[in-house]
Amino acid sequence: MSPQGARSRTGRGLLVLGALAVLLGSCAVALGVGSVDVPVTRVLAVLARRAGAGDFDVTLLEDQLVWQLRLPRILGAVAVGAVLASCGAVLQSLTRNDLADPFLLGVSSGAGVGAVSVIVLGMGVGGLAAGAVLPAAAFAGALAALAAVLLVASAGGGALRPHRTVLAGVAVAHLCGAYTSVVVIMHGQGDAARRVLAWTLGSLAGLRWGSALVLVGAAVVALVWFLAYAERLDAFAFGETSARSLGVPVSATRWVLMVGTALVTATTVAYAGAIGFVGLVVPHLVRPLVGSRHRALLPASAVAGAVLLVWADTAARSLVDGQEVPIGALTALIGVPVLVWLMARRTVA
Amino acid sequence: MSHRGNCVHRGAHGDLPELSAEGVTVRLGDRTVLDSVGLRAAGGRMTGLLGPNGSGKTTLLHVLAGLRRPDAGEVRVGGTDLRSLPDRRRARTVALVEQHAATTVDLTVREVVTLGRLPHRGRLGGAARDPRGTAVVEEVLGMVGLATLAERPWGTLSGGERQRAHLGRTLAQEPEVLLLDEPTNHLDLGQQLRFLSLVRELGLTAVAALHDLELAAAFCDDVVVLDGGRVRGHGPVGAALTTSLLGEVYGVEASLAPHPRLPRQHLVWDGPSEGSR
């Protein structure tokens, strides 16, 4: 569909319906796929019984697989995909940098410091269950890195200029990376290195209902929040001066959105690790379809990111029997060719 | 601002406010970029802001647009201190056509012009709070001659079309004062003349930084000449652009002379003045 077609009212309506249909369809199919396949009719029976729509005859295994294991994981995939893709779109516009992604402010590397401290050094937190320690440590690490990046980027001014912010993010990420490698090399025992690497590439395997609902909540809050800024983000198209001459409080907008994207991204990283390429690539894929205005771009990116992660996660848990393929590797496998195609297209243009 | 009508084009005879600056000083580190600059841009007239490279024209325009807070001095529009206005109100009062406003974002011409409605919309955006928005955008597209190109993506436009789209965006803001920062850079002669004629026809209070003295002589009512951050000349074109001033500021032997065919002045130059920089 051409951008013009998608920008007309009917075109937009159809696109929204189509996107939601693809998302729901993907989820329904993904619920049935896995180490044990469950036919779609049985999936629907499980869902209907759980929703109280009647006393359907389902086995305990089917209920366990579909409702207890796969549904939270798929909801988590939807939420994480939506968050990462919409954060990517926001940050690319805010910094006017095509390569901006949700980890711009050092969130993933900071979370890595927290995670490696728990996985390798076995640091614990009193009173927290073992399963909650890793997310908590990752989240704390992410917040610390974010604070460091903001401190460096805003020193002597406070305007969070994109150029400085990107540099500060890179610097803090390298510092965190140094800590992570030293800890793994010096103290890693047994399969510690493998476990750290697996965490870094991300996984939705650990998601249960509680964590999935936290992620869905974060995604809803993030989308509503970003959409409130949609038109102010449009004003950044021609840069900072032009945004300010349109009455946009540039500095305040940058602070709110950079900290906001970092916080929701940190939440996803705490539970799912740093899943790359979704936030970087999805907005670029969506723009030719729906145009560059954020009122359309943000929800479209969210839906596309959600669909991408649902399929990537389904592949991650079903491609190899008895073993998870790192989801970050799968998104990169899809993301890299797309990025290359995009760069080639831009060079031609 | 109570006289805001439904028409973007108010004509030169409306009660348009004067833009004035007094004692505007801007320092960057230990360098004084603007040194106690004062000027008056009369309501509905076009004022040229002249001066060699680095004389402070862009900085002054940013101060006049309320985008940069001067270290000293103040800017008034129709008697109101610009700093007392909230951001969105300021954006409905003063609009700026920037020098190098480029983008890689693929917006259409209509979308670019619609950006100018931002200060008229609710804080959370949305067209509901701006019932006149669509009509104003249509009117502006016609005024800047882009009605037939409204759906064209930015990347396919020529330099002149882009500059007219930028002008359209600022007009959609429905400002009382229009500021332009070397708007004719990178345009060919025909595009330069058409663009400045268009700006003149709007009849808004306008201040345009211009490189080309000939264009200034042809299109401006008044000029302000900056050099090293100070005002060196200020007044109607014919009175301000004296031979001695042109020699001192630009280092050229030049003067204004009657146009051979038109009832206006134009610039005649002999060359760089002797012993000049």
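The largest nonpolar core holds 193 residues, and the members that touch the most others are Val83(A), Val107(A), Ala142(A), Ala266(A), Leu49(B), Leu64(B) and Leu179(B). A nonpolar core here is a set of buried Ala, Val, Leu, Ile, Met, Phe, Trp, Tyr and Cys residues joined through C-beta atoms within 7 Å. Buried is a matter of counting: a residue is buried with 20 or more other C-beta atoms within 10 Å of its own, exposed with 12 or fewer, and partly exposed in between, with C-beta atoms placed from the backbone. Helix α4 (residues 60–95) of chain A gives the most to this core, namely 18 residues. Domain 1 (19–241) and domain 2 (242–277) of chain B both give residues too, so the core lies between them.

All of this comes from a predicted model, in which local features need pLDDT of at least 70 and side-chain atom pairs count only at pLDDT 80 or more, while totals for chains, interfaces and linings use all residues. Residues are numbered from 1 along each chain as its sequence is written, and chains are lettered from A and ligands numbered from 1 in the order in which they are written.

Leaving aside its neighbours within four places in sequence, Leu179(B) is in contact with Leu61(B), Leu64(B), Ala65(B), Val94(B), Ala95(B), Leu96(B) and Val207(B). In contact means that the C-beta atoms of two residues, placed from the backbone, lie within 7 Å.

Chain B as a whole comes to 9 helices and 12 strands, where helices (H or I, at least four residues) and strands (E, at least two) are DSSP runs numbered from the N terminus. The radius of gyration of chain B is 19 Å, close to the 19 Å that the globule rule gives for 277 residues, so chain B is as compact as a globular protein of that length. That radius is taken over C-alpha atoms, and the rule is 2.2 Å times the number of residues to the power 0.38. Along the principal axes, the C-alpha atoms of chain B fill a box of roughly 60 × 40 × 40 Å. Buried residues make up 45% of the 277 residues. Among contacts in chain B between residues at least 6 apart in sequence, 66% join residues at least 24 apart.

The two domains of chain B, with bounds from an automatic or database domain assignment, have centres 27 Å apart, taken over C-alpha atoms. Their contact takes 13 residues from domain 1 and 10 residues from domain 2. On the domain 1 side, α7 (213–219), β9 (222–227), β10 (230–236) and α8 (237–240) each supply at least two residues, and α7(B) gives the most, with 4 residues.

Between the chains, 20 residues of chain A are in contact with 23 residues of chain B. On the chain A side, α10 (230–234) and α11 (240–245) each supply at least two residues, and the largest share, 4 residues, comes from α11(A).

Two loop residues also deserve a look. Most residues other than glycine have a negative phi. Phe277(A), in the loop between α12 (250–272) and α13 (278–290) of chain A, has a positive phi near 75°. Phe277(A) is buried, with 23 other C-beta atoms within 10 Å. His186(B), in the loop between β7 (177–181) and α6 (189–202) of chain B, has a positive phi near 65°. His186(B) counts as partly exposed, with 14 C-beta neighbours inside 10 Å.
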